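User: I have some questions about a model and would like plain answers. Please take them as they come.

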Amino acid sequence: MSGKLPEGYDNTRRVHGEGARPDTEADSLAFVPEIKPGPNIRRVGTTVEDFEQNLLSNLYFQRGTTIESASAGDAYHTLAVTLRDRLVDRYARTVAAHYETNPRFVYYLSAEYMLGRQLNQNLLYTGTEQWTREIAEARGLSMETLATLDVEPGLGNGGLGRLAACLLDSMATLDIPAVGYGIRYDYGIFKQTFQNGEQVERPDDWTFYGNPWEFAAPDDQHVVGFYGKTESANGDSMAGPRRWIPSETVRGEPSHMLVPGYGTQTVNIVRLWRARASRQSFDLARFGAGQYGEAVQHIALSESISKVLYPDDSTELGRELRLKQQYFLVSCSLRDIIRRFQFRNRDWDAFPDKVVIQLNDTHPVLAIPELMRLLVDEHQVDWDRAWSITQRTFAYTCHTLLPEALETWPVALMERLLPRHMEIIYLINHVFLRDLDMRHPGDLRLMRDLSLIQEEPERRVRMANLAVVGSHAVNGVAELHSRLLAETTLRDFASLWPEKFHNVTNGVTPRRFVRLANPRLSSLISAHLGGDGWLTDLDQLAGLEAFADDNAMRERWRDVKRLNKVDLAAYAARTTGVVLDPQAMCDVMIKRFHEYKRQLLKVLHVVTLYNRLRDDPAATVVPRTVVFAGKAAPGYRAAKLVMKLVNAVADTVNNDPRVAGALRVVFLPDYNVTRAELIVPSADLSEQISLAGKEASGTGNMKLALNGAVTIGTLDGANIEIRDRVGADNFFLFGYNAEQAMSARRSGYSARSFYDQDPELRAVLDAISGGVFSSGDRDAFASVVDSVLGWDEYLCLGDYRSYVDCQDTVERAWQDRERWTSMSIRNTARSGFFSSDRTVRDYCRGIWNVEPVRVPEE
Ligand SMILES: *Cc1c(COP(=O)(O)O)cnc(C)c1O
């Protein structure tokens, strides 16, 4: 018996057909790409006059309007496509160089990308910043207006998505052949506003006015199947080949955005998939009968797959749609990777020599059974050979230590949604457990813990286990994190395959987070280092060391901070009405709201300061502005209540004349990359206060240190490496270390005893529960106080005294302005290691084994 495959699904009939329009028999014309790179002089001029002509021509021909009738939006759009033209030319040469060289490519699979605004980046990367300024200003348009029209694609939640974007930037800058694959969500991360201090989420319709940066590629659609059944294709073995007859299909349509390198000709791409219903989905008859909703129902259902980014940061939602999203990303991307491989290669055994696929966390881990399925079922590679190819192709980055954040999916759901993949996972598991039993005969505990299937309380597929078994390399994202992974979360795998485990400490791109975000500091740095070579060789920042105690330098360094704070104050006044003092210490805690990150501990400190000032208005407190920013997952009640408390404390503090001039608290709504670029340059103090052993790495900590903020932090994530490099004298350390935190929790941590023994802490918690910040309402924050007084997983009260005392040390240090400035300069000078260029080099050497390909100038 043989089932009928959905139309367009069976790609096996065409040899090179994966790129063809799925509803035609036409093969892809792009099988051997015919590339004729080279500048079109009319579009990519080399003088300011040419550039202006390019703009005018695009305004006329692309936008279809004239200078007399153009809106600001027309101007923005025209500028964007004119910059894009310049990048297209480099992209064409990049493709040609890659085709010529046939190198090993890095394919980065990530469910999230936080790319940030593109306009300023592309002005910088094409060297047209100054021209544009001149042309715009001559016509009465400010660069700021143009920048605000540039919409940030918010296709991620936080650190993980931003890391993906930083790595793409660095790969292009280092001439690494790479493609990023992701999902083109219609709605990105929600827009955050506040009502009565509570977070309200609004949809982020980021392409409402169109996205001038992307190129659609409708001819590269792929058809993705779901549900249905499997049957044998020849013989009865589960090892295949077998046929999967999906009962539902959807098309994935790609578009790509260009990812230029800085100071090089390389332009890579990030390819984003969007779900499209098949062409027959619109129900004309129903529409004719006036059933407008029903007529488009099928389209809406199919397209819901790429409708929204799940705004959940770490814990898993048991949602079928999310699993569909994951498979959708993986299926489209692998077909695309195979299509690209086949441009120049025939032999499947060469696949791992030409392809390395990096899995950014477990969200894309279905790529492992999907590659097996494609090789075994669609390309007739036998199982063992396919498995060897698969393992050599994949590498996996783990981003968490929190066990609740390790993704699992119910077997029942997998069997229904992806029946063939479930068979493949079973078979992978069978072979893996059989080998395990040979190495460790009869060790049932080991078998149970390492199995890809969790049995209790419900049968579920463990995605991290699948990732580790199916990859040749597994890495954590900071030294402590990688060590703890190998000692705790993935301990048994690490003893089984020690050679698989790596550390690659995260990094951030200095182009975006120093040069673009902080032009004043960048000019000062370049003036002292004799050029801007540091932008691609961040270790050069060490040259600033020589000026750390230089009075003239310190004066100018402080000036930069002050002017940045003036900008931040203007923004805060405009958006929140809170007036900030640019002379005050700018103390920032900007990151997702999560209990482990301990925004609550920061609130306890703010209330401590507030109490001190109220009790004694003459208390010598250093004037301080506390800046909060960050979103909470919409369903995360505990985090949202802390957020409400922050707003309530801010309200009370900012309206109390007794503390005016000494303490201000502001919560800047809608934290995103653009907001980070605004806040980071003005920070004096960087709050990195997660409970030790909880934060995988952090990257906000790196952005802030690079911009001269001094860190107050725990020995957690990359804080440890920051402290090792900037020096203990230039870092404020407090709190439990990871071992102490673990043993405190094991040995019956008692929050009560801290409350009982510390009068200042008691006064803080009593103020919160007594209604000081809730107009006398004692219930409003009762559950927050209860959470820290009870069995608090994050040991807030255990670290309170150490934290508050450390903040007192911070204040004393701040009072010595010259010394503080030296500390600030040393933080920048010694943070060169935290460039994502270094991160990419580490991946290249330790895991990817890829070589750069130089793209020639025209
Ligand atoms: C850098 C960044 C993060 C990560 O911040 P952490 O402090 O490392 O958690 C999150 N969101 C945005 C918008 C960022 O730019």
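User: Where does Pro-457 sit?

Analyst: Pro-457 is in the loop between β16 (453-454) and β17 (460-462). Helices (H or I, at least four residues) and strands (E, at least two) are DSSP runs, numbered from the N terminus. Residues are numbered from 1 along each chain as its sequence is written. This is a predicted model, in which local features need pLDDT of at least 70 and side-chain atom pairs count only at pLDDT 80 or more, while totals for chains, interfaces and linings use all residues; side-chain values use heavy atoms, with hydrogens and water left out.

User: And the peptide bond from Glu-456 to Pro-457, cis or trans?

Analyst: That bond, from Glu-456 to Pro-457, is cis, with omega near -10°. Most peptide bonds are trans.

User: What sheet is β17 part of?

Analyst: An open sheet of three strands, ordered β15-β17-β16, with antiparallel pairing. Two strands pair if DSSP finds at least two bridges between them. β15 (408-410) and β16 are the edge strands and have a single partner each, so one side of each has no neighbour in the sheet.

User: How many bridges join β15 to β17?

Analyst: Three bridges join them. Pro-410 has Arg-460 in β17 as its bridge partner. Helix α17 (residues 463-470) packs on this sheet and touches β15 and β17; contact means heavy atoms within 4.5 Å. The direction of α17 makes about 45° with that of β17. Axes here are lines fitted to C-alpha atoms, for helices over the stretch in contact, and angles run from 0 to 180 degrees between N-to-C directions.

User: Switching topic. What does UniProt say about Lys-703?

Analyst: The UniProt entry, which is unreviewed, annotates Lys-703 as "modified residue: N6-(pyridoxal phosphate)lysine". UniProt positions are given in the numbering used here, feature names are shortened, and annotations may be inferred rather than shown by experiment.

User: Is Lys-703 buried or exposed?

Analyst: Lys-703 is buried, at a relative accessible area of 7%. Buried means under 20% relative accessible area, exposed over 50%, and partly exposed in between (1.4 Å probe, protein chains only). Lys-703 belongs to helix α26 (residues 700-706).

User: What does Lys-703 touch?

Analyst: Leaving out residues up to four places away in sequence, Lys-703 touches Arg-162, Val-508, Phe-513 and Val-680.

User: Next, the six-stranded sheet. What is the strand order?

Analyst: The order is β22-β21-β20-β23-β24-β25, in an open sheet with parallel pairing. β22 (663-667) and β25 (732-733) stand at the edges with a single partner strand each, so one side of each is left without a neighbour in the sheet. Helix α22 (residues 551-576) packs on the sheet and touches β20 (585-590), β21 (624-629) and β22; the direction of α22 makes about 60° with that of β20.

User: How covered is β22?

Analyst: Mostly covered, with four of its five residues buried. β21 and β22 run parallel and are joined by five bridges, and Val-626 has Val-665 in β22 as its bridge partner. From β21 the chain crosses through helix α24 (residues 637-654) to β22, a β-α-β crossover that is right-handed. Right-handed means that, with the strands pointing away from the viewer, the path from the first strand over the helix to the second runs clockwise.

User: Which residue stands opposite Glu-687?

Analyst: Ile-712, in β24. Strand β23 (residues 685-688) and strand β24 (residues 710-713) pair in the parallel sense over four bridges.

User: Last one. What is the phi of Asp-670?

Analyst: Near 60°, a positive value in a residue other than glycine. Most residues other than glycine have a negative phi. Asp-670 is in the loop between β22 and α25 (673-679) and is buried, with a relative accessible area of 8%. Asn-102 also has a positive phi, of about 50°, and is not a glycine.
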